[in-house]
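Thanks for coming. I have a few minutes on contacts in one model, and I will go through them in order.

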Amino acid sequence: MRRRFFSAAWAYYILLVIFLYLPIGLLIVFSFNDSPMVVFPLKGFTLKWYGALAQAREMLAALRNSLILGLASSAVATFLGTMAALAAVRYRFPGRGVFMAVSAMPLVIPYVVLGVALLILFSTFNIERSLFTVGIGHIVINIPYVMLIVGARLVGFPSSLEEAAMDLGATYWGTLRRVTIPIAMPAIVAAFLTSFTTSFDEFAVSFFLTGTEVTLPIYVYSQLRFPSRLPVVITLSAIVMTGSVALLLFAESLRRKG
Amino acid sequence: MRDTRSRLLILITPPALLLIMFFVLPMLNMATFSFRQGAFGEERHMWTLAHYREFLRNTAFQRLLGRSIAMAFETSLYCIILAYPLAYFLIFRAGERRVALLTLVLVPAWTSFLLRILAWKLILSSEGLLSGLLQAVGLLAEPKPVLLYSRAAVVVALTYSWLPFVALPIFAALERIDPHLLEAAADLGCPPWRAFLRVTLPLSLPGVVAGFFFVFIPTLGEWVTPALVGGVDGIMYGNIIQDQFVRGLNWPMGALMSLVMLLAMLVLLGLLVWLLKALHVELGDLIG
Amino acid sequence: MSGFSVELRELTKVFGTSHGPGNEVVAVRDVNLGIHPGEFFTLLGPSGCGKTTTLRLIGGFEMPTRGEIFIEGEPMSHVPPYRRPVNIVFQNYALFPHLTVAQNVAFGPTIKGVPRAERERRVQEALALVRLPNIGNRKPSQLSGGQQQRVALARALINEPAVLLLDEPLGALDLKLRKQMQSELKHLQQQVGITFIYVTHDQEEALTMSDRIAVMNEGQVLQVGDPVTIYERPSCRFVADFIGETNFLRAQVVGKERDRICLCVAGERVWAGATEEPLREGQEVTLAIRPEKIDLLSAAQANGAALTGVVREVVYLGTDTRFVVILPSGETVVARLQNIGGHGLGEFAAGDRVKLLWAAEDARPLTG
């Protein structure tokens, strides 16, 4: 009786995992498919799309833009988010509730609203759209996540450690540098990696804020209308997927260790 | 004391300034922008209530908003229905391997959102996997898209995309339940299913609610998925907002529509939180 | 009919591990116990001795690998917990955090479908019984540890179980509260007349509260008896060592009289009480003697059967003084003398030669 339920639960789990992996597996299969059309039936095995990647200059430029954007915006978001987390966790001040509510707001606002609001703002002040404006959007999106991840870590370790450091003669900023930040480091790195992957994959906000230099998701979206370019797009995506999964597994292991 | 204040100011000023400039200000600016005649040239400096009148008159907008809310509810519901047994299985049946098995479920969520939706297009299209499969078993006579370009396709693709994000908080909530509580329930006379209803379910409710928000919020604002797999039938409120900026070039109208969505979102979330509080009291009364 | 409230027959529990066979742990091994109705029965032992597993087997949270459990004469080994006439108080209380105190206490009656009016009356009674009226509307998180403990008791007792199981219920409380709860629990048990099975690793708690105690180690019951027997007549070295402080000395049987035995310890002849099991002459045994049963006299003034040693350490403990004495064999003996009338404190100092004396019946030769 119990045995049967056990295997039913296993069957359910396996079915769900198949459901989750099938679409991704499909893309990877097509990246090796010897046909310019991304349709069934499969034609044969080829590595030519991987070879064609080197020639796809626009796409490589978009990839480079996304990498730069991801690194820069996550660095800023992690820096500011960590400061905000320090303030929110370690201090009691008037307006703390308002501060926390406002900084968490981007979590509950649909990206299309945020994208549109920033687009109108930049237009109002005649700011040219560029990678920079996209970056601003990504920073606003990522600050709440950084605050959550780093804040959880700060709540998790007692402030007596910091008091001990100050008791031993460290200044406040010295304590921050030598005790607080090192202890929170796994969470800070995890927050950075999470921000990076979010930024790297973000489309709905970027779409409204991007200028002439496009990010990878924007490029991919623009290519979806041209079936003949799909195989190369899919091939790059297969590589990127593998990379980002590896990166996030690393971030997750850091978070769990911390 | 003075020291503490200056430290706090140093810590809080940069993030607060950024959020004010690029989050609070844009929202306020968007609100005033909805009263402008237009986005360009002279119209930019003219004030009008025309867009409000138009929005109120055009019931299509309101119907679309209602439909999008319904779709967001549906998607959240399907995600919870699929993810709850999964999380339950991992916590109560999978033993020490639970974290590894959960990670396996989470990995697909870390891959490109656009490409996952694209993959669904490949599955549902006329030369796609599902069509081929149905032809092979004789349920479909000729190559034909299955579900593609419909409301259902949008819901399926989004349920697929968000499922792992719902499994995670439910898993965390179930993980926090002290196993002794379930033993105590059994000790006090509960057969397993009653222990589930009276102890496990209420205690995992915070995880379910968190999962609901994880899905509901982005789905309500969704426009990319309907644009790719929704077709005419699957269009959502987010698509007409996007349209005002890309094709219609009626930015003030778009600003107004965004504002309405923001308002709808906040009202719905407030309602839900209120409902949950009321429900919690109800649950307690039922038992007492 | 056995007449026992709870009876365990050859009860054995083996835990397998997920790392395959060969890693099994025997938590409980061939335990036989008969617990009388209305008895305050304690399972005492160090952590990992199998006492909590035994309790969980009685409660139905574990299924026995072998053996049988009878509750009120009915075989119960394969009855799920929700159909057993027993209730448990967990070590961490396991109060439902989403329910109020009153809802927690009413949980059992609610499940059984007791009508609301009667349920409310019984909740009032149960909360009054544990001396916690007027907190029914609070949540468990708003209570102190002692209050949570009482709520857990009320939640179990309201079901009027045949047997109440208590798994180290006082372990999380501070010393003073623990002492107070010990006497309260004892009174409560006498008041309600329910069989209590109490698990603890605290020997003092076991001695002060129990009608009978079962001392467990490595999954086995070593001795069952009332507190006086357990303390005064331990059956083996483990029991003597675990409960109170005991000196153990190597000894050899020299001769026997009616109710006492002559032993050779460290080259000298001493007396000990007779044992149930017969001892042969020349047999190697361990002599167990408690520090407070030993008297010290200066080596010059005493004569007769006594050990001689040199005082190495004197520690003042307030009510009494503790002396560590080294025997010629190199073994050490601890003696405790009450600080009365100049005897003990100040009488001996480190380096003094002393004689150790005791009444024969206070010393026990142990073979195990």
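Lys293(C) and Glu232(C) form a salt bridge, with the closest N and O atoms 3.1 Å apart. The cut-off for calling a salt bridge here is 4 Å, so this pair qualifies. Keep in mind that this is a predicted model, and that the distance is computed from it.

Where does this pair belong? Chain C is divided into domain 1, residues 6-240, and domain 2, residues 245-366.

Which part of domain 1 of chain C supplies the largest share of the side that touches domain 2? That is helix H8 of chain C, with three residues. Helix H8 covers 227-232, and helix H9, at 237-242, also supplies at least two residues of that side. By type, the side of domain 1 splits into five nonpolar residues, one polar and three charged.

Nine residues of domain 1 of chain C meet ten residues of domain 2. Five residue pairs are in polar contact between the two domains, counting pairs with both residues at pLDDT 80 or more. The two domains bury about 890 Å² between them, and carbon and sulfur atoms give 41% of that. Taken over C-alpha atoms, the domain centres are 39 Å apart.

Next, chains A and B. How many salt bridges does the rule find across their interface? The count is zero. Polar contacts do occur: seven residue pairs between chain A and chain B, again with both residues at pLDDT 80 or more.

On the chain A side, helix H1, residues 2-31, gives the largest share of what touches chain B, namely 18 residues. That side of chain A consists of 65 nonpolar, six polar and four charged residues.

In total, 75 residues of chain A are in contact with 74 residues of chain B. The area buried between chain A and chain B is about 7,300 Å², with 83% of it on carbon and sulfur atoms. Within chain A, the residues losing the most area to chain B are Tyr13(A), Leu20(A) and Ile120(A), and together they make up 9% of what that side buries.

Conventions
Residues are numbered from 1 along each chain as its sequence is written. Chains are lettered from A and ligands numbered from 1 in the order in which they are written. This is a predicted model: local features need pLDDT of at least 70, side-chain atom pairs count only at pLDDT 80 or more; totals for chains, interfaces and linings use all residues. Side-chain values use heavy atoms; hydrogens and water are left out. Contact means heavy atoms within 4.5 Å. Buried area is the accessible area (1.4 Å probe) that two parts lose on being put together, summed over both. A salt bridge is a side-chain nitrogen of Lys or Arg within 4 Å of a carboxyl oxygen of Asp or Glu. A polar contact is a pair of N or O atoms within 3.5 Å; within protein, one must be able to donate a hydrogen and the other to accept it, and residues adjacent in sequence count only if both atoms are side-chain atoms. Helices (H or I, at least four residues) and strands (E, at least two) are DSSP runs, numbered from the N terminus. Ala, Val, Leu, Ile, Met, Phe, Trp, Tyr, Cys and Pro count as nonpolar, Asp, Glu, Lys and Arg as charged, and the others, Gly among them, as polar. Domain bounds come from an automatic or database domain assignment.
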